[in-house]
Amino acid sequence: MLRSTRASSLYAGLAPSLVAVVPTALVYMPTYEAASAGLRGASCPGPLVAPLSGVLTGVVCASVRVPCSVVKTRVQAGLSPSATAAVRQIVRGGGLAALYMGFGATVALDVAVAVVQFSVLDAGRRYSSLSHAALGSLAACLATAATEPIDVVRTRIMAQLRASEGKEAKGADFNYRSLADGLAKAARTEGPGALYRGLLPRLVLKSLGGAIWHGSPRPTFFRRAVTEIATGTRPT
């Protein structure tokens with residue numbers, strides 16, 4: 001890549017990625033903690049708490065980060081020169097709703113990641129002696145490997161051409177109508193291996209992120225506050 005372009009191109013899409021980090025981080029664990037506390041307060045069976053909390057967490061996070069992901073994808077793919085240009089192009093071609101292109105695929109991705117990751121974390125804390133950092137890294141790796149096909153198709157949906165953007169619009173003509181359609185077309189025309197393109201760098205990124213996030217201590221007052229809000233009771 002560096003042979004054909006500048007080193008700065010490695011940081012294409014950095015701005016929208018940074019913008020998405022703050023709101024996503026603010027809703028990710030609070031949503032999971034609140035959902036877990038609420039489900040336990042409602043006497044939900046123990047084995048179902050982590051998966052169901054993961055589903056809710058995935059839906060909420062997808063709602064927050066999809067617009068930033070759409071912009072980032074188009075900048076990284078070279079379809080727009082900057083984040084602001086990408087926003088103008090997207091809105092001009094399809095209105096504000098176009099910023100949520102690939103929303104269904106993102107919900108599926110975030111829900112699947114959250115369910116796998118939190119289920120592994122819950123089981124690991126119960127039945128293993130791994131450190132929080134090691135367990136977080138393992139959970140992130142397993143969730144990433146399990147959801148890579150969804151991420152590949154989601155990214156393509158966000159970057160593909162849309163007729164409403166006009167003849168001069170840039171993009172790849174994948175012609176995916178939905179996540180299921182994209183998975184089937186990619187596997188049929190390119191082979192199953194195409195659905196795992198980019199897995200290694202994503203594994204490295206997510207494993208490091210999982211180790212740092214889950215290895216870092218979270219203050220006790222945070223858990224107490226979330227539990228009290230979700231259940232209406234003060235934890236002991």
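Colleague: How many helices and strands are there in the chain?
Modeller: This is a predicted model. From the N terminus on, the elements run α-α-α-α-α-α-α-α. The count is eight helices and zero strands.

Colleague: What share of the residues counts as buried?
Modeller: The accessible surface of the chain comes to about 12900 Å², and 65% of that area belongs to carbon and sulfur atoms. The chain has 236 residues. The buried share of them is 39%.

Colleague: Among contacts with a separation of 6 or more, what share comes from residues 24 or more positions apart?
Modeller: The contacts in question are those within the chain at a separation of 6 or more. Residues 24 or more positions apart account for 70%.

Colleague: How many aromatic pairs does a search of the whole structure find, and is the pair of Tyr32 and Phe118 stacked or edge-to-face?
Modeller: The search finds four aromatic pairs. In the pair of Tyr32 and Phe118, the ring centres are 3.6 Å apart and the planes lie at 10°. Planes under 30 degrees apart count as stacked. So the pair of Tyr32 and Phe118 is stacked.

Colleague: Which helices hold Tyr32 and Phe118, and how far apart in sequence are the parts the pair ties together?
Modeller: Tyr32 lies in helix α1, residues 14–41. Phe118 lies in helix α4, residues 103–127. The pair therefore ties together parts separated in sequence by 86 residues.

Colleague: Is Tyr32 buried or exposed, and what about Phe118?
Modeller: The limit for buried is under 20% relative accessible area. Tyr32 has 8% relative accessibility. Phe118 has 2%. So Tyr32 counts as buried, and Phe118 is also buried.

Colleague: Is the pair of Tyr100 and Phe103 stacked or edge-to-face?
Modeller: The ring centres of Tyr100 and Phe103 are 6.0 Å apart. Their planes lie at 70°. Tyr100 is partly exposed at 38% relative accessibility, and Phe103 is partly exposed at 31%. With planes at 70°, the pair of Tyr100 and Phe103 is edge-to-face.

Colleague: Which residues does Thr57 touch, leaving out those up to four places away in sequence?
Modeller: Thr57 is found in helix α2. Thr57 is buried, with a relative accessible area of 0%. Ring pairs link Tyr28, Tyr32 and Phe118 into a cluster. Thr57 touches Thr31 and also Tyr28, Tyr32 and Phe118.

Colleague: Which residues make the nonpolar surface patch of about 290 Å²?
Modeller: One of them, Leu26, lies in helix α1. Leu26 counts as exposed, at 60% relative accessibility. The patch is made by Leu26, Val21 and Val22.

Colleague: How far apart in space are Cys68 and Val21, C-alpha to C-alpha?
Modeller: Cys68 lies in helix α2, residues 46–76. Cys68 is buried, with a relative accessible area of 18%. Cys68 and Val21 are 47 residues apart in sequence. In space, their C-alpha atoms are separated by 9.4 Å.

Colleague: Where does UniProt place the feature "transmembrane region", and how far apart are the end C-alpha atoms of residues 97–121?
Modeller: The UniProt record, an unreviewed entry, places the feature at residues 9–29 and 97–121. In the model, residues 97–121 are 76% helix and 0% strand. The end C-alpha atoms of that span lie apart by 35 Å.

Notes
Residues are numbered from 1 along each chain as its sequence is written. This is a predicted model: local features need pLDDT of at least 70, side-chain atom pairs count only at pLDDT 80 or more; totals for chains, interfaces and linings use all residues. Side-chain values use heavy atoms; hydrogens and water are left out. Rings of Phe, Tyr and Trp (its six-membered ring) pair if their centres lie within 6.5 Å; planes under 30 degrees apart count as stacked, over 60 as edge-to-face and the rest as tilted. Helices (H or I, at least four residues) and strands (E, at least two) are DSSP runs, numbered from the N terminus. Buried means under 20% relative accessible area, exposed over 50%, partly exposed in between (1.4 Å probe, protein chains only). Contact means heavy atoms within 4.5 Å. Accessible areas come from the Shrake-Rupley method with a 1.4 Å probe; for residues, only the protein chains shown count as cover. Patches are made of residues with over 30% relative accessible area and no salt bridge: like charges are joined within 9 Å, nonpolar side chains (Val, Leu, Ile, Met, Phe, Trp, Tyr) within 5 Å. A salt bridge is a side-chain nitrogen of Lys or Arg within 4 Å of a carboxyl oxygen of Asp or Glu. UniProt positions are given in the numbering used here, feature names are shortened, and annotations may be inferred rather than shown by experiment.
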